[in-house]
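Student: Could you take me through the salt bridges in this model, one at a time, and then show me what surrounds them? I would like a close look at that part, with the cut-offs spelled out.

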Amino acid sequence: MAAKKMTLEQSFESLSSIIGQLQDGNLTLEESFKMYEEGMKLVKNCNDALDKVEKKLVIIET
C-alpha cells in the first residue's frame, strides 16, 4: 500500500484505518506488527509530502 504513490489524503485515510484495526485488538501479534510497519511507512510518506509542501512555501515566500 505505502509503496505505491498515494496522495496525502489517501495516506491519512489508510493510516486511520490501520490505527482503527490496531485499536480493535482483533489481530494476531504478527498481523499487528505488519500493520504497525505499514503505518510507519505511511507516516514517513506523509512527513515527506508535508516537507515538500513546506519547502515550496518557503520558496514562494522569499
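Tutor: Happy to! The count of salt bridges comes to two, where a salt bridge is a side-chain nitrogen of Lys or Arg within 4 Å of a carboxyl oxygen of Asp or Glu. Please keep in mind that this is a predicted model, in which local features need pLDDT of at least 70, side-chain atom pairs count only at pLDDT 80 or more, and totals for chains, interfaces and linings use all residues. Residues are numbered from 1 along each chain as its sequence is written, and side-chain values use heavy atoms, with hydrogens and water left out.

Let's begin with Lys 34, which forms a salt bridge with Glu 30; their closest N and O atoms are 3.6 Å apart. Both residues lie in helix H2, four residues apart, or about one turn of the helix. Helices here are DSSP runs of H or I with at least four residues, strands are runs of E with at least two, and both are numbered from the N terminus. Lys 34 and Glu 30 are both exposed; exposed means over 50% relative accessible area, buried means under 20%, and partly exposed is in between (1.4 Å probe, protein chains only).

The other pair is Lys 44 with Asp 48, whose closest N and O atoms are 2.9 Å apart. Lys 44 and Asp 48 also lie in helix H2, four residues apart, about one turn of the helix. Asp 48 counts as partly exposed because its relative accessibility is 32%. As a general point, side chains of opposite charge can pair when their charged atoms come close.

Leu 8 is 40 residues from Asp 48 in sequence, yet 9.7 Å away in space, C-alpha to C-alpha. Leu 8 lies in helix H1, residues 8-24, and is partly exposed, with a relative accessible area of 24%. Ser 11 is found in helix H1 too, and with a relative accessible area of 3% it is buried.

Now for the surface patches, which are made of residues with over 30% relative accessible area and no salt bridge; like charges are joined within 9 Å, and nonpolar side chains (Val, Leu, Ile, Met, Phe, Trp, Tyr) within 5 Å. Lys 5, Lys 52, Lys 55 and Lys 56 form a positive patch, with Lys and Arg counted as positive, Asp and Glu as negative, and His and the chain ends not counted. Lys 56 lies in helix H2, residues 29-61, and counts as exposed at 56% relative accessibility. A nonpolar patch is formed by Leu 22, Phe 33, Tyr 36 and Met 40, with about 410 Å² of accessible area together, as computed by the Shrake-Rupley method with a 1.4 Å probe, where for residues only the protein chains shown count as cover. H2 gives the most to this nonpolar patch, with three residues. Met 40 is found in helix H2 and counts as partly exposed at 43% relative accessibility.

To place all this in the whole chain: the protein chain has two helices and zero strands. Its radius of gyration is 14 Å, well over the 11 Å that the globule rule gives for 62 residues, so the chain is more spread out than a compact globule; the radius is taken over C-alpha atoms, and the rule is 2.2 Å times the number of residues to the power 0.38.

Methods: The place of a charge is taken as NZ of Lys, CZ of Arg, CG of Asp or CD of Glu.
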